[in-house]
Amino acid sequence: MKTEMRWHRFYGALALLTLVVFAVVLSVPRDAAMAAAKPERLKIAIVQFLSGAGAPHDASAVNTAKLLAEKINADGGIDGVKLKLLIVDEAGSTADKVTEFRRLVQDEKVDAVIGYTSSSHCLAVAPVADELKTLTISAICANYRLFEQGKYKYMFRTSAHAVSENVSAALYVLQMKPDLKTIAGLNYDYAYGRDSWEIFKRTILKLKPDVKVVGELWVKFLAGNYSAEISKLLSVKPDVIHSVNWGAGLTALIKQGKTRGLFDKSLVVFTTGLLSQAKALPKGVAFSGRGYHLQFSDPRKNPGNRAFLEAYKAKFGKMPDYTGTYMAQAILGLKAAVERAVRIKGGAWPTTEEIIAAFESSGYDTPRGPVFIRADHQAITDSMWGLTSGKIDPVFGYPVLEKMRVFPAVQVNTPLGMKTLDWIDSWPSRK
Amino acid sequence: MDTATIIAVDGLVYASWLFIVSAGLTFIFGVLRILNIAHGSIYALGAYMGAYLGNAFLGGRYPGALSYVILLVSAPLVGVLVGPVLERIFLRHIYDKDEVVGLLTTFALFLILEDGIKLVWGIDPYFIDTPFSLLGNIPIAGISYAVYPFVQTGIAIVIGTGLWLLINRTRFGRQVTSVIADREISVAMGINVARINTVAFTIGAFLAALGGAFAAPMISVEPGMGIEVIVPAFAVVAIGGLGSIGGAALGCILVGVLRAAAVHFFPELEMLVIYVLMFVVLVFRPQGFFGAVRLRRI
């Protein structure tokens with residue numbers, strides 16, 4: 001009995017000792033992801049859809065990441081440090097993505113993460129970025145709540161989101177159809193669809209209160225069968241139809257709507273789409289493609305955009321979709337922030353926190369034009385809209401938009417510190 | 001403009017698309033007693049094959065009638081390639097096992113086929129436009145309808161009639177009925193159940209591929225398209241009764257019309273309607289409309 005008790009006490013002591021050792025090891029604060037000494041390589045994880053429905057959509061983003069990394073390395077890297085990309089598939093559940101983020105930081109030891117198209121992913125990863133103190137840039141995610149609902153130190157978004165897209169959509173529609181009487185929505189039933197329609201609707205109703213909403217249709221995410229929805233819209237004949245549908249669902253909607261004359265009866269407004277989809281549209285459809293970077297800024301006048309488009313075409317044989325431009329905004333933003341931080345530090349390599357400080361409230365140039373990163377880490381840019389013309393640009397081969405309008409950033413972005421819906425509600429009503 | 005007619009026509013269009021796939025799903029369950037989740041990826045395979053053949057051999061331009069032939073050929077091609085392979089290699093080992101094993105196996109096959117599609121055809125979208133745009137539109141009840149979906153209606157009617165004739169008027173059909181009723185007795189009576197299983201699964205696969213091939217002209221053929229059809233197909237099969245073709249037809253029409261009515265009057269409920277219907281049917285009649293009440297054998 002006594003011997004047994006001695007063994008028990010021994011194992012108990014061993015367990016306690018192990019626990020203490022673990023506690024000590026884990027309590028030691030981990031270094032920030034980027035060491036202050038100049039690294040050999042800047043390892044960047046690019047997390048975008050390589051499979052599934054998002055793959056065609058993100059292909060330009062992945063291509064652009066490779067193109068720009070090559071170019072930056074050919075020019076000597078960022079302050080002499082070359083980039084090494086780790087391209088990861090974003091497909092998978094949100095929980096998987098969070099686990100994978102941890103793996104990228106802790107096992108692969110990446111210095112920064114760029115990516116996350118899906119809203120649920122970018123929202124889930126933001127707090128983990130703060131926890132693991134890793135600079136994370138969302139390139140494409142459009143959910144407007146990212147920085148409205150939370151403050152994140154290590155998360156940035158270098159592109160526009162649902163607010164500027166849908167406020168500018170409403171402003172454009174009111175310019176194109178000043179006698180507008182009725183509007184309807186046909187959107188995917190998920191956060192981006194719901195939020196976008198809400199913002200668009202509120203903006204229209206605020207600026208023209210006598211407009212009637214004659215249909216609020218919701219379809220399953222990426223739905224391909226629009227027979228009943230198109231029938232409903234053809235019956236009620238709204239002046240304007242709003243849709244943020246993208247991907248395979250948008251292609252199906254364009255196909256089925258075109259045959260049935262949906263675009264003849266109403267001004268249809270698509271906030272997003274790929275070049276292939278813009279080409280498929282008939283004349284007179286309001287299109288932004290999240291800021292149609294092929295015409296704005298005009299590559300004939302903007303040498304930076306021209307160089308980017310030509311380099312992309314030379315390497316990949318076609319023009320980039322908007323996701324390519326958005327990835328360029330992310331990578332060039334990171335580059336500008338690091339270079340600025342190096343200058344501020346007098347040539348020494350900055351820590352992650354110093355890069356973040358340099359990134360905040362800074363501006364940099366991109367193929368699309370200037371991007372300004374606000375103190376809350378959200379990018380602020382102008383928005384543009386146009387109507388499809390059916391013509392193809394003779395030099396670059398992209399579908400040409402006409403009646404283009406550019407909306408200044410200050411007109412279409414929620415002021416810092418305000419909630420979007422409150423901001424829209426606070427505008428004076430026009431009679 | 002007659003809203004009731006519009007709803008009926010929209011319902012018919014949706015039901016036609018769904019019936020071709022659900023008929024195969026319920027047939028497979030009736031004979032093999034397996035819930036084939038891989039049905040969704042076979043549907044996708046049919047679409048890919050149709051779009052691929054249309055573009056590969058004819059460069060996307062062909063006389064109208066030929067495009068329909070391409071679609072009609074893709075379906076049996078996929079059915080014959082995939083059906084016997086899946087059945088013989090994977091499914092034949094799990095017939096006597098619990099139904100959950102069947103579900104898991106076909107789910108695994110679904111995932112494998114999805115990745116297989118990506119390996120073969122990549123991630124870019126495929127299009128086969130001619131069959132759809134060729135037929136133009138037609139005014140019904142004051143609005144314009146595309147004519148093409150009515151081709152799917154025609155196919156659905158042919159499939160439904162064909163299956164009925166197959167089961168009720170052929171020797172093979174009599175054997176299938178026997179296997180559905182009692183597999184063990186059928187074996188004892190000398191019916192080659194293994195062959196019946198393979199043929200039945202191949203027929204089901206053919207129908208899934210046919211549904212996919214004829215859906216392709218209306219959509220963009222892309223990775224992940226199989227998922228869109230499998231959930232409503234399952235709901236419809238549960239509503240109609242597992243193993244009943246007539247039940248599947250009734251389920252499709254009910255779901256199609258209710259969905260269309262929801263879109264016109266209560267758009268918020270459109271996606272909920274199919275599940276509410278399934279819930280109501282299963283609460284009051286758990287075996288579905290025409291499903292057989294199965295006795296549990298001890």
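Predicted model: local features only at pLDDT ≥ 70, side-chain atom pairs only at ≥ 80, totals over all residues.
Chain A is assigned two domains, domain 1 (41-160 + 302-380) and domain 2 (163-289 + 383-426). Chain A also touches chain B, with 30 residues of chain A in contact with 34 residues of chain B. The largest nonpolar core has 223 residues.

**Domains of chain A**

- Each domain is made of two stretches of the chain: domain 1 takes 41-160 and 302-380, and domain 2 takes 163-289 and 383-426.
- The centres of domain 1 and domain 2 of chain A, taken over C-alpha atoms, are 27 Å apart.
- Where the domains meet, 16 residues of domain 1 of chain A are in contact with 22 residues of domain 2 of chain A.
- The side of domain 1 of chain A that touches domain 2 of chain A is made up of nine nonpolar, three polar and four charged residues.

**Contact between the chains**

- The contact between the chains involves 30 residues of chain A and 34 residues of chain B.
- On the side of chain A that touches chain B, α2 (55-74), β7 (212-219), α7 (227-236) and α8 (248-259) of chain A each supply at least two residues.
- The largest share of that side, seven residues, comes from α7(A).
- By class, the side of chain A that touches chain B has eleven nonpolar, twelve polar and seven charged residues.
- Phe132(B), in helix α5 (residues 130-134) of chain B, has contacts in both chains: leaving aside its neighbours within four places in sequence, Phe132(B) is in contact with Lys255(A), Thr259(A), Ala146(B), Tyr148(B), Pro217(B) and Met218(B).
- Phe132(B) counts as buried because it has 24 C-beta neighbours inside 10 Å, and the cut-off for buried is 20 or more.
- The C-alpha atoms of Phe132(B) and Thr198(B) are 33 Å apart, and the two residues are 66 residues apart along the chain.

**The largest nonpolar core**

- In soluble globular proteins, nonpolar side chains tend to be buried together.
- Within the core of 223 residues, those with the most contacts are Ala286(A), Ile20(B), Ala47(B) and Ala209(B).
- Helix α1 (residues 3-32) of chain B gives the largest share of this core, 19 residues.
- The core also draws at least three residues from each of domain 1 and domain 2 of chain A.
- Not counting residues up to four places away in sequence, Ala209(B) touches Ile42(B), Tyr43(B), Leu45(B), Gly46(B), Ser74(B), Ala75(B), Val78(B) and Gly79(B).

**A helix pair in chain B**

- Two packed helices are described by the angle between their axes and the distance between the axes.
- α1(B) packs against helix α11 (residues 245-265) of chain B at an angle of about 145°, and the axes are 6 Å apart.
- The crossing of α1(B) and α11(B) is right-handed.
- The contact of α1(B) with α11(B) has 17 nonpolar, six polar and two charged residues.

**Backbone details in loops**

- The peptide bond from Phe296(A) to Ser297(A) is cis, with omega near 10°.
- Ser297(A) is in the loop between β10 (286-287) and α11 (303-316) of chain A.
- Asp79(A), a residue other than glycine, has a positive phi, near 50°.
- Asp79(A) lies in the loop between α2 and β2 (82-89) of chain A, and is partly exposed, with 17 other C-beta atoms within 10 Å.
- Arg33(B), also not a glycine, has a positive phi near 60°.
- Arg33(B) is found in the loop between α1 and α2 (39-58) of chain B, and is partly exposed, with 19 other C-beta atoms within 10 Å.

**Two helix residues of chain A**

- Phe101(A) lies in helix α3 (residues 94-106) of chain A, and is buried, with 26 other C-beta atoms within 10 Å.
- Not counting residues up to four places away in sequence, Phe101(A) touches Val113(A), Val125(A) and Val128(A).
- The C-alpha atoms of Phe101(A) and Gln378(A), 277 residues apart along the chain, are separated by 21 Å.
- Lys313(A), in helix α11 of chain A, is partly exposed, with 14 other C-beta atoms within 10 Å.
- Leaving aside its neighbours within four places in sequence, Lys313(A) is in contact with Lys318(A) and Met319(A).
- Lys313(A) and Phe396(A) are 83 residues apart along the chain, and their C-alpha atoms are separated by 9.0 Å.

Conventions
Residues numbered from 1 in each chain as written. Chains lettered and ligands numbered in written order. Core = buried A, V, L, I, M, F, W, Y, C linked by C-beta atoms within 7 Å. Buried ≥ 20, exposed ≤ 12 C-beta atoms within 10 Å, placed from the backbone. Helix = DSSP H or I, 4+ residues; strand = E, 2+ residues; numbered from the N terminus. Domains from an automatic or database assignment. Contact = placed C-beta atoms within 7 Å. Axes fitted to C-alpha atoms, helices over the stretch in contact; angles between N-to-C directions. Left-handed = near helix turned anticlockwise from the far one by under 90°. Nonpolar A, V, L, I, M, F, W, Y, C, P; charged D, E, K, R; others polar.
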